[in-house]
Amino acid sequence: MSVFDDPGKGMENTENPEFDSADLREIKLIDCHAHMELYRKSDVEKEIRRAKNCVRAVFDSITEYRKAHVHKSWELLKNHFGFIFPTLGYHPNEAKRGNWEKVERVEKFLLDHAKEIVAVGEIGLDFYHATADRERENQLRIFRHFLSIASELDLPVVVHAREAEEIAIREVERAGVEAYFHAFAEDELAKRAQDAGYIGISTGIAFIPKVKRVAEKVSLERMFVETDSPFMSPFRGVTNNPCNVSVAVRELERLKSTEADEIVSAVLKNVRDFFGVEL
Ligand SMILES: [Zn+2]
């Protein structure tokens with residue numbers, strides 16, 4: 001989740017946001033990372049309905065962040081489980097506050113639902129939004145805490161890393177857990193991240209040159225495609241939706257000279273290996 005990022009600073013082309021998802025629909029796309037609970041409350045059902053028309057599953061990173069409490073998000077989405085596959089985590093932009101009472105509450109909720117989630121996340125480090133030493137220290141301690149919970153539960157983790165990618169990779173390696181570095185945008189570290197886990201290529205690929213370079217470097221065997229909805233819209237002024245995962249697939253097709261169905265089957269295999277979900 002890129003909480004503070006403007007949704008919709010994407011491409012100029014706003015003619016038809018779902019310009020080419022029709023033929024990709026047959027292939028059955030998957031959005032490997034989104035936050036359906038973070039739309040305006042009155043829009044959640046509508047956005048899920050829309051997503052159901054063009055993707056076969058959404059992997060939703062339910063994560064504690066300010067007033068977006070995990071237990072509330074869970075209630076909002078649980079009727080759609082089976083289409084939505086939930087994870088539970090603690091966002092670094094919350095973790096920087098170092099509120100351990102909150103950490104304990106989220107941890108308890110996570111442990112109570114450990115059998116229903118497919119991963120722990122998103123968790124991680126965001127030094128872009130945490131500039132004070134104290135905040136970074138809080139993030140690191142809470143990140144480690146959830147890494148150890150994941151390790152005990154034998155669950156993989158969904159990681160948010162921004163301006164702290166190298167440390168996040170090191171922590172994941174140290175914890176010995178399977179990791180999915182979502183919306184990864186540090187091309188210099190793409191190879192290292194790929195050795196440590198899977199890389200999420202977001203719809204940001206449409207307008208962020210660094211994401212294009214990451215995509216060029218990462219192999220399909222270690223790749224997920226995601227929208228990070230409602231954030232990261234590839235279309236300026238339009239809120240993102242899992243349907244737009246087709247934009248990432250189309251761009252990958254071009255960059256990697258690979259057919260869409262090959263990309264989608266690689267993602268399917270990765271989803272099975274990483275989340276343990278057969279689709
Ligand atoms: Zn996210």
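This is a short chat about how to read some features of the structure above, which is a predicted model.

Reader: Let's start with the whole chain. How many helices and strands does the chain have?

Author: Eleven helices and eight strands. Along its principal axes, the C-alpha trace spans about 50 × 40 × 35 Å.

Reader: What does the radius of gyration tell me about the chain?

Author: You compare it with what a compact globule would give. For 279 residues that would be near 19 Å, and the chain has 17 Å, which agrees. Buried residues make up 51% of the chain. Also, of the contacts with a separation of 6 or more, 74% are between residues 24 or more positions apart.

Reader: How do I read a helix? Which residues of α3 are buried?

Author: General idea: an α-helix has 3.6 residues a turn, so residues three or four places apart point the same way. Now the case here: in helix α3 (residues 70-77), V70, S73 and L77 are buried. Looking down the axis of α3, you find these buried residues within an arc of 60°, so they line one face of the helix.

Reader: What do the buried residues of α3 pack against?

Author: They pack against β2, β3 and α5. I62 counts as buried because 29 other C-beta atoms lie within 10 Å, and the cut-off is 20 or more.

Reader: And strands? Which way do the residues of β8 point?

Author: In a regular strand the side chains alternate between the two faces of the sheet. In β8 (residues 223-226), M223 and V225 point one way, while F224 and E226 point the other way. All four of these residues are buried.

Reader: In what sense do β7 and β8 pair?

Author: The parallel sense, over four bridges. One of the residue pairs is S202 with its bridge partner E226 in β8. To get from β7 to β8, the chain passes through helix α9 (residues 209-217), and this β-α-β crossover is right-handed.

Reader: Last one: which residues touch the most other members of the largest nonpolar core?

Author: In soluble globular proteins, nonpolar side chains tend to be buried together. Here the largest nonpolar core has 83 residues, and V120, V157, V159, I199 and I201 touch the most other members. Helix α6 (residues 133-153) supplies the largest share of this core, seven residues. As for V159, the residues it touches include I123, V172 and F181, not counting those up to four places away in sequence.

Technical notes: Residues are numbered from 1 along each chain as its sequence is written. This is a predicted model: local features need pLDDT of at least 70, side-chain atom pairs count only at pLDDT 80 or more; totals for chains, interfaces and linings use all residues. A residue is buried if 20 or more other C-beta atoms lie within 10 Å of its own, exposed if 12 or fewer, and partly exposed in between; C-beta atoms are placed from the backbone. Helices (H or I, at least four residues) and strands (E, at least two) are DSSP runs, numbered from the N terminus. Two strands pair if DSSP finds at least two bridges between them. A crossover is right-handed if, with the strands pointing away from the viewer, the path from the first strand over the helix to the second runs clockwise. The radius of gyration is taken over C-alpha atoms; the globule rule is 2.2 Å times the number of residues to the power 0.38. Two residues are in contact if their C-beta atoms, placed from the backbone, lie within 7 Å. The arc is that of the directions from the helix axis to the C-beta atoms. A nonpolar core is a set of buried Ala, Val, Leu, Ile, Met, Phe, Trp, Tyr and Cys residues joined through C-beta atoms within 7 Å.
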